[in-house]
Amino acid sequence: MHCSNNSCCGIWLQAPVEKKLPLSMTVGTLKTLMSKLFKCDPALQHLAFRPKGVYPSPLDNDMQTLSFYGVCDGGDILLEEIGETTARRELCVFCMTQTT
């Protein structure tokens, strides 16, 4: 996962962070992970997935898995924290392959 940090003014402050995510991870679990990485309340998080060259799609159901939304290697998970100050963070996703 590749994460970038954004100030409330819209300027990126940190280089992206990379992290492997299992496709079986739920959006709710990802929000908990994001809250630990970025110190933001999961209830204020709006997540979206952006494959390379494609418009982002919202990850709007905390009970669904990342695979349900088509999350794949090299894409970005975008975090927008809505509150008194709005901040945006970006994660470049490197998903763990599922073996059967």
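Rings of Phe, Tyr and Trp (its six-membered ring) form a pair if their centres lie within 6.5 Å; planes under 30 degrees apart count as stacked, over 60 as edge-to-face and the rest as tilted. The model is predicted, so local features need pLDDT of at least 70 and side-chain atom pairs count only at pLDDT 80 or more, whereas totals for chains, interfaces and linings use all residues. Residues are numbered from 1 along each chain as its sequence is written, and side-chain values use heavy atoms, with hydrogens and water left out.

**Exercise 1.** Determine how the rings of Phe68 and Tyr69 are arranged.

Step 1. The rule gives a count of 1 aromatic pair.
Step 2. The ring centres of Phe68 and Tyr69 are 5.0 Å apart and their planes stand at 90°, so the pair is edge-to-face.
Step 3. Buried means under 20% relative accessible area, exposed over 50%, and partly exposed in between (1.4 Å probe, protein chains only). Phe68 has 51% relative accessibility and therefore counts as exposed, whereas Tyr69, at 18%, counts as buried.

**Exercise 2.** Decide whether Leu78 is buried or exposed.

Step 1. Leu78 belongs to strand β4; helices (H or I, at least four residues) and strands (E, at least two) are DSSP runs, numbered from the N terminus.
Step 2. Because its relative accessibility is 19%, Leu78 counts as buried.
Step 3. Leu78 and Pro56 are 22 residues apart along the chain, and their C-alpha atoms are separated by 8.1 Å.
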